[in-house]
Amino acid sequence: MPYDAMNLKNIYLFQCLSQPQLKRLSQISVQQEYKKDNFLFLEGEKSDKLHILIEGMIKIYKCDKKGNEIVLNHFYPTTLVAEFACLEHIPYPATAVFETNGKAIYIDYSTFEKEFLKNPEISLSIIRSLTNKIKALDNVITRNLTLDSTGRAAKFIYENEALASGLRQNKIAGILNITPETMSRIIRKFRENGVVDFKEGKLRVSDRKNLKEFFQ
């Protein structure tokens, strides 16, 4: 079923489009729901769809020769996923899998390229999406070099509270490349300092100002 044109208008990429353009884009756009562990795409598949994550979290990874996962990134809503592969007309260079239940929109890329990519505002939005990914990578590198495990956990929870509330502690630990035991100690420390608590079993930030002090 085509994705509703009015909902497309709410996505940052398409806010510049007119109503007729949104209606046309809706005709080549489909929303799909995913369960945890469902694949968005596999490494080596043809990149014929432009994916936009609108709910949930996905993990991007590759496998080494021994079959071990090498996690490259995590994506959160609302963001383009693997647009570089579409732009370059190359197969997806890695695999994307949902870490939570979620939703994504996929757009027929060949039609999108012909009818929308010449729009300078759309092109600029995609460039911004790519530069944001570069900034995010720089942020990850900086975070891992300058922050200890407590600082990394505090920064992640501060910037992604809604997402963190739906994740198990060991999943957050995996994202931050720290051990589950260390993560458990960090959460206990945060609770003792009154910056987080749990409501109905879900993590909740109770003092954002003091939580921020752990990573500034």
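**Close-up views of a predicted model**

**View 1. Surroundings of Leu-167.** If neighbours within four places in sequence are set aside, Leu-167 is in contact (heavy atoms within 4.5 Å) with Met-57, Thr-100, Phe-156, Ile-172 and Ile-175. The model is predicted, with local features needing pLDDT of at least 70 and side-chain atom pairs counted only at pLDDT 80 or more, while totals for chains, interfaces and linings use all residues. Residues are numbered from 1 along each chain as its sequence is written, and side-chain values use heavy atoms, with hydrogens and water left out.

**View 2. The largest nonpolar core.** A nonpolar core is a set of buried Ala, Val, Leu, Ile, Met, Phe, Trp, Tyr and Cys residues joined through side-chain atoms within 4.5 Å, where buried means under 20% relative accessible area with a 1.4 Å probe and protein chains only. The largest one has 25 residues, and Leu-167 is among those with the most contacts inside it, as are Phe-156 and Ile-172. At least two residues each come from α6 (149–159), α7 (161–165), α8 (169–176), α9 (180–192) and β10 (202–205), helices being DSSP runs of H or I with at least four residues and strands runs of E with at least two, numbered from the N terminus. The most is given by α6, with 5 residues.

**View 3. A second, separate core.** This core of 23 residues includes Leu-22, Leu-50, Ile-122 and Ile-126.

**View 4. An open sheet of 4 strands.** The strand order is β2-β7-β4-β5, with antiparallel pairing, and two strands pair if DSSP finds at least two bridges between them. Because β2 (39–41) and β5 (69–75) stand at the edges, each with a single partner strand, one side of each is left without a neighbour in the sheet. Strands β4 (residues 58–63) and β7 (residues 95–98) pair over 4 bridges, and Ile-58 stands opposite Phe-98 in β7.

Notes: Buried < 20%, exposed > 50% of the residue type's maximum accessible area, 1.4 Å probe, protein only.
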